[in-house]
Amino acid sequence: MYRDGDGSRLVPPSRMPNREAAREEAVRSAIDVLVDRQPGIGDLSGWLVRVRDEAGRLVCVITVEEAETARKTQGER
């Protein structure tokens, strides 16, 4: 599930080999959300990406702060 402004949107499920791979993909996706976001449109705080397993249980949540940190870290490489 991706946060999209004041709402959210579900994306088609995909299979990942493990939870770590799912989390890494979620971080990459959250960074993309930050990059694609139009400045000044809506308050962006809290979560950006939520990952659930096949049973609907929450696996991980990527926050704005975590995505910003990851984006800065990638920029330093």
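Colleague: What percentage of the residues of the protein chain count as buried?

Modeller: Of its 77 residues, 27% count as buried, meaning under 20% relative accessible area with a 1.4 Å probe, protein chains only. Bear in mind that this is a predicted model, where local features need pLDDT of at least 70, side-chain atom pairs count only at pLDDT 80 or more, and totals for chains, interfaces and linings use all residues. Numbering starts from 1 along each chain as its sequence is written, and side-chain values use heavy atoms, with hydrogens and water left out.

Colleague: Fine. In what order do the elements run?

Modeller: β-β-α-β-β-α from the N terminus on. Helices here are DSSP runs of H or I with at least four residues, and strands are E runs of at least two.

Colleague: And how do strand 3 and strand 4 run, parallel or antiparallel?

Modeller: Antiparallel, with 5 bridges joining residues 47-52 to residues 58-63; pairing takes at least two DSSP bridges. They form a hairpin with 5 residues between them, and Gly-56 in the turn has a positive phi of about 90 degrees. Arg-52 stands opposite Leu-58.

Colleague: What about Asp-53, buried or exposed?

Modeller: Buried, at a relative accessible area of 16%. Asp-53 sits in the loop between those two strands.

Colleague: Which backbone nitrogen does its side chain reach at 3.0 Å?

Modeller: That of Ala-55. A polar atom of the Asp-53 side chain also lies 2.8 Å from the backbone nitrogen of Arg-57.

Colleague: Leaving aside neighbours within four places in sequence, what is Asp-53 in contact with?

Modeller: Arg-19 and Val-59, contact being heavy atoms within 4.5 Å.

Definitions and conventions:
Buried means under 20% relative accessible area, exposed over 50%, partly exposed in between (1.4 Å probe, protein chains only). A polar contact is a pair of N or O atoms within 3.5 Å; within protein, one must be able to donate a hydrogen and the other to accept it, and residues adjacent in sequence count only if both atoms are side-chain atoms.
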